[in-house]
Amino acid sequence: MSEAFGYVYPNHEVFWGILIVIYPYFVSIITGMVTIYAISEFWRKELKPLEKMILVGTFPFVLSALLPLLLDLGQPQRAFEIYVTPNFSSVMAVFGIVYLTELFAILGELWFVYRVDFIWWSQTERNPIKRLIYKILTLGVYDISKKAIEIDHKVIKVLTFVELIAAWCLSYVSFLFGVVKSNPWWNTTILPVSFVFGGLAAGGAMVLILYLLFSSYYGKRVDEKIIDIISNYVFFFLLAAFALEMINTILYAYKEDIAWAVIRITSTELAVPMAIAVIGSLEALLFLRYSRMVSGALKQIMVVIASISVLIAVFALRWNMVIGAQLVDYSLRGYVSYTPPLFGKEGILAALFVIAAPFVIMAIVNYFLPPYEKEVEETEISRPTTSVSEA
Amino acid sequence: MKHVTRALLLFVFIVLVFISAIFTLRALGEEYYPGIPDSLLGIKGLYGYDRNEKVIIRNEPDFLGKEYCKNCHEEIYEKSLKGKHDFECETCHGAGRGHPDKDLSVENTRDFCLNCHKPVIARPDFSLVYDWETHGYPDKPCTVCHDPHHPWFG
């Protein structure tokens, strides 16, 4: 699995596998999606039609954020013990409290955003089990007066703020994964900032992909203005993340200090993820920049390609941070190579299962809390008119 | 406003259940709590909880101690207390479990005594026999001259 080159201490092993890479990746996506949600809530009212969709998209990621960590543990049934005997002086252990804050904030937000829908569905739903669930979810209050809805909006604003803070705090644990194995390359003050910006770009890209997916599923017309706004944000987030990483690396190259020695040692091992990160970021930046000039299907294809390459590039950056930090030996005179196994607890199949988990949960959440109403008949009528206007 | 109060009450209720679960588990004490999830899942053995105690309970001890021998061999017991060989009988005779039914035997050779009395680097000087190759009658066992339960010159 791992092979040593140069001078390596005898107990040097790669303990954190691909599952620990997925964990900060999920957290990055959560941070980005919650931030886009906050932007839609506080600044850009044009993004309002997305709010339910973003919540339905974020909630499964929050639910499955702990899955890779649990699978990585030797005794996952004891995970609850960090709550029973909390350690407030450990930054890693306080993560549990931050995570619960995030989970409850998003649950509350889902409830307040969908409250009017619950009342509507509890009266109109034909499936008796679903109707019962909606009836329970209304908590017995059927108040949809203007005053009540205004209060809802205020509560949603407060919850969004709490959620935003919690999401940004969540990512601090993730970059700790890089800092704990602090080789000179990653032991830098700029890492948290570039980490958060990379996460924001990944979350925005995920919002773009989900928007296109949900639109085609519900037969909604894709609003190009929304795509433009979000892709603009993703462009600048990615630019910031990319620029910070590059400035950092160029500074090391100029100073030629110990970090540059580390980079040179591992450059052969990390060549592939580094290349993916650099080429993917540049390509995504180009596509996001020029997708604004085109329209129609071409724009959507460009945005999808850019979003997928952002997601892959950010995954490569996380790989670089978690695995890369473990490859260099503390002697700084040798390194180990690491290839994840296909099967087993830390294998690629387990990783694929974990990555698929939020999308499976998303399908279930979408079944109970559909963000849009199906507009099949309406699109059948409206489709000719749009095509005429486009022509 | 009513719906906000209800939602808040639900939230407080969940938090209270969570916190009371934590305090109940903590009140159980460290002997009980950490094992609960393991015992619910039936995880035992390696990495399971209190493995050592389980092994001790399952297996009866092989070595029973001097007092067990004293029940029948009180004469030898008293004698051994007076001499230098006042250690456990089972040191030479072997584990005593099931003894009255099963015979215990001791090797009667010079090599067996020399297990302890042969001079070896770093062995403390308790009656080491420095001339062990020529001492006494080299072709006869030590017990011809020495009483193992109360060796001479003690």
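Visitor: Which residues count as buried, and how many of the 28 residues of H8(A) are buried?

Guide: Buried means under 20% relative accessible area. This is a predicted model, and in it H8(A) is mostly covered. The number of its 28 residues that are buried is 22.

Visitor: How far apart are the end C-alpha atoms of helix H8 of chain A, and what span should its 28 residues have?

Guide: Helix H8 of chain A runs over residues 191-218. At 1.5 Å a residue, its 28 residues should span 40 Å. The distance between its end C-alpha atoms agrees with this, at 40 Å.

Visitor: Which residue just after H8(A) takes a positive phi?

Guide: The place to look is just after H8(A). A phi of about 65 degrees is found there, and the residue that takes it is A:Gly219.

Visitor: How many helices and strands does chain A have, and what is its radius of gyration?

Guide: The secondary structure of chain A comes to 15 helices and 2 strands. For 391 residues the globule rule gives 21 Å, and the value for chain A is close to that, so the chain is as compact as a globular protein of that length. Its radius of gyration is 23 Å.

Visitor: What percentage of the contacts in chain A with a separation of 6 or more comes from residues 24 or more positions apart?

Guide: A contact here means heavy atoms within 4.5 Å. Among contacts in chain A with a separation of 6 or more, the share from residues 24 or more positions apart is 82%.

Visitor: How far apart do the centres of the positive and negative side chains of chain A lie?

Guide: Chain A has 28 positive side chains and 31 negative ones. The centres of the two sets are separated by 5 Å.

Notes. Residues are numbered from 1 along each chain as its sequence is written. Chains are lettered from A and ligands numbered from 1 in the order in which they are written. This is a predicted model: local features need pLDDT of at least 70, side-chain atom pairs count only at pLDDT 80 or more; totals for chains, interfaces and linings use all residues. Side-chain values use heavy atoms; hydrogens and water are left out. Helices (H or I, at least four residues) and strands (E, at least two) are DSSP runs, numbered from the N terminus. The radius of gyration is taken over C-alpha atoms; the globule rule is 2.2 Å times the number of residues to the power 0.38. Lys and Arg count as positive and Asp and Glu as negative; His and the chain ends are not counted. The place of a charge is taken as NZ of Lys, CZ of Arg, CG of Asp or CD of Glu. The expected span of a helix is 1.5 Å times one less than its number of residues. Buried means under 20% relative accessible area, exposed over 50%, partly exposed in between (1.4 Å probe, protein chains only).
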